[in-house]
Amino acid sequence: MYETNYDDVTEFLGDWGPFQKRISLLLCMSILPNGLFVFSIVFLAATPPHHCAIPPNANISAEWINYSIPLEEDNGEMRYSKCTRYKLDVIKLLSDNGSVPGIDVNITEIEQESCTDGWEYDRERYVSTIVSEWDLVCSDAWKVPMTTSIFLIGWLIGSLISGQLSDRFGRKIILFGTMGVQTLFTFFLSFSTSWLMFSALLFVVGFTIISKYVAAFVLGAEILSPRIRMIYSTVGITIFFAVGYMLLPLMAFFIRDWRMLLIAMAVPGVFNFPIWRFIPESPRWLLSQGRVEDAEAILRGAAKMNRVTTLEVIFQPLQEENHMKNLKRTNICDLVKSNSIRWITIMLGFVWMIICIGYFALSLNTSNLSGDRFLNFFFSGAVEVPAYILSWPLFHFCPRRLCLFAMLSFGGAVLLVTQLIPRDFSSVSIALEMMGKFGFSVAFCIVYPFTAELYPTVLRNTAIGACCMACRLGGIAAPYFVYLGTYYKSLPYILMGSLCVFGGLLSLLLPETYGMPLPETIDHMQTIQRCKKKQTSNII
């Protein structure tokens with residue numbers, strides 16, 4: 001069938017002409033808003049220092065107001081209690097009687113109560129966040145990690161559905177459709193009137209972000225030549241994500257109100273809409289649908305732009321006829337049909353999940369590190385740039401399985417060491433966490449194209465979407481890995497480190513795709529060695 005030699009047939013276009021440059025740049029630009037939004041919850045849902053509010057009409061003396069909040073130890077320091085205060089009616093009675101706190105009365109013996117009049121928040125770092133807007137503290141503090149999980153549940157559903165939609169209706173339609181919805185709902189988020197409304201809209205944004213990323217990734221991988229595809233997949237698209245990631249703390253530093261920050265994050269998406277007319281549909285996808293004339297028209301246009309001569313007939317009629325005989329619809333069930341494909345899908349799912357736990361947990365944990373939150377967040381994004389640059393020579397010259405094993409094991413080992421560092425050496429802990437983030441970023445960068453190389457054209461987008469779905473299960477759990485640190489500081493590092501070392505070992509069992517052409521049909525997929533031996537013995 002003609003798909004088998006697609007890269008050979010389209011070799012006349014060259015590797016890096018004006019057509020490829022335009023496609024690569026525009027698709028990469030479409031991912032920049034993703035980098036801005038994915039971890040924006042760190043700033044949108046930041047919890048400022050707070051304590052119980054004392055109503056102005058309480059008629060309590062200034063001296064007693066200063067003693068109305070209990071002191072509690074927090075990381076070795078005495079701070080105002082976040083969730084309790086001394087009973088206000090008792091404080092008022094003592095104030096009216098002229099008692100002196102600490103002399104006439106033992107403050108610690110006064111009964112305490114919850115913050116029935118709300119909270120006062122420190123406005124020095126943030127003017128407003130969703131936490132201070134809707135009092136997501138104390139008994140409602142669980143809503144903060146839940147907000148991140150809801151966003152990632154949307155991501156999970158998008159991973160499952162968008163892949164099938166993209167394989168059915170085309171990469172371009174899904175790319176720009178989700179781009180429009182993401183931009184619109186990011187803007188709508190800024191007008192949320194409750195946490196429930198905010199979470200519902202955030203779910204939709206999560207759905208569109210991953211859908212757009214997968215569509216752009218697959219569209220570029222299928223249009224570009226093998227050499228440029230490798231650079232685009234491992235460096236190009238990820239660098240632009242990292243640029244958006246690094247721009248976020250800069251925007252959050254100057255825009256301290258969560259509503260205005262959301263409006264600012266929606267603006268870059270608006271400038272992506274005009275690129276619709278410059279990005280074509282994937283010729284590979286058109287061929288998989290039997291639309292040979294449309295695929296040839298795109299390739300002839302690309303040849304004209306690159307100023308190269310094209311063949312009179314790009315895909316031979318005999319090949320078209322053979323393809324139409326073999327053309328059939330595929331769906332997500334094909335990922336688990338045969339024994340070999342099933343095991344590849346299961347193992348890849350676990351590897352993706354583990355990478356996502358480590359990557360998301362360390363990214364979200366920047367708010368808990370010592371030092372400046374904006375600077376730590378910037379470093380967390382900046383460390384991804386050298387990680388993505390390194391991923392290209394690794395992907396170009398090294399076996400895929402070995403790269404995944406090395407990066408996951410490295411990230412896991414660093415986390416296991418981090419929990420041994422004393423609290424006084426906070427700069428060492430931060431450096432080790434950034435090293436772990438470096439390892440997970442490289443692994444994330446490699447696992448996307450590795451997955452694309454394992455699956456055929458008719459299943460590629462569905463497979464990546466399914467793997468992203470497994471990844472989001474890890475992402476949904478990631479905020480709670482971070483939350484475990486409130487009970488035992490070392491527990492998140494021990495769990496994540498152990499999981500990542502296990503994931504590295506698991507990746508060694510996958511088929512190797514280094515130096516192999518992209519499979520076009522399910523029959524062209526590689527198999528796991530053990531499954532291959534079973535199939536051979538059954539045939540004999």
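# Notebook: a first look at the model

I began with the secondary structure, and the protein comes to 22 helices and six strands. I note that this is a predicted model. Next I checked the contacts between residues at least 6 apart in sequence. Of these, 82% join residues at least 24 apart.

**Entry: disulfides**

How many disulfides does the structure hold? I found two.

I took cysteine 52 and cysteine 115 to begin with. Their sulfur atoms are 1.7 Å apart, and the two form a disulfide. The torsion about this S-S bond is about -55°, so the disulfide is left-handed. Where do the two cysteines sit? Cysteine 52 lies in strand S1 (residues 50-52). Cysteine 115 lies in the loop between strand S5 (112-114) and strand S6 (119-121). The pair therefore ties together parts that are 63 residues apart in sequence.

I moved on to cysteine 83 and cysteine 138. A disulfide joins them, with 2.0 Å from S to S. I read a torsion of about -100° about the S-S bond, so this disulfide is left-handed. Cysteine 83 is in the loop between strand S3 (77-80) and strand S4 (84-86). Cysteine 138 is in the loop between helix H6 (130-134) and helix H7 (143-169). The pair links distant parts of the chain, 55 residues apart.

Why does cysteine 83 count as partly exposed? Its relative accessibility is 31%, and partly exposed covers what falls between under 20% (buried) and over 50% (exposed). Cysteine 138 is partly exposed too, with a relative accessible area of 24%.

I then numbered the bonded cysteines in sequence order. The pairing reads 1-3, 2-4.

I looked up two further cysteines. Cysteine 356 is buried, at a relative accessible area of 0%. Cysteine 471 counts as buried, at 0% relative accessibility.

**Entry: helix H15**

I turned to helix H15, residues 339-364. It has 26 residues and reaches 37 Å from its first C-alpha to its last. That is close to the 38 Å expected at 1.5 Å a residue. How many of the residues of H15 are buried? I found 20 of the 26, so H15 is largely enclosed by the rest of the structure.

**Entry: helices H2 and H13**

Two packed helices are described by the angle between their axes and the distance between the axes. I looked up both values for helix H2 (residues 18-37) and helix H13 (residues 292-306). They pack at an angle of about 110°, with their axes 7 Å apart. H2 and H13 are therefore roughly perpendicular to each other.

Which residues make the contact? From H2 I noted Pro18, Phe19, Gln20 and Arg22. From H13 I noted Ala302, Met305 and Asn306. By class, this contact of H2 with H13 has four nonpolar, two polar and one charged residues.

**Entry: phenylalanine 395**

Phenylalanine 395 is in helix H17 (residues 384-397). Is phenylalanine 395 buried or exposed? At 1% relative accessibility, phenylalanine 395 counts as buried.

I left aside its neighbours within four places in sequence and listed its contacts. Phenylalanine 395 touches Met230, Thr234, Arg400, Ile446, Pro449, Phe450, Glu453 and Tyr514. I looked again at methionine 230, which is 165 residues from phenylalanine 395 along the chain. The C-alpha atoms of phenylalanine 395 and methionine 230 are separated by 7.5 Å.

Note on methods. Residues numbered from 1 in each chain as written. Predicted model: local features only at pLDDT ≥ 70, side-chain atom pairs only at ≥ 80, totals over all residues. Heavy atoms only, no water. Disulfide = S-S within 2.5 Å. Helix = DSSP H or I, 4+ residues; strand = E, 2+ residues; numbered from the N terminus. Buried < 20%, exposed > 50% of the residue type's maximum accessible area, 1.4 Å probe, protein only. Expected span 1.5 Å × (residues − 1). Axes fitted to C-alpha atoms, helices over the stretch in contact; angles between N-to-C directions. Parallel < 35°, antiparallel > 145°, perpendicular 65-115°, else oblique. Contact = heavy atoms within 4.5 Å. Nonpolar A, V, L, I, M, F, W, Y, C, P; charged D, E, K, R; others polar.
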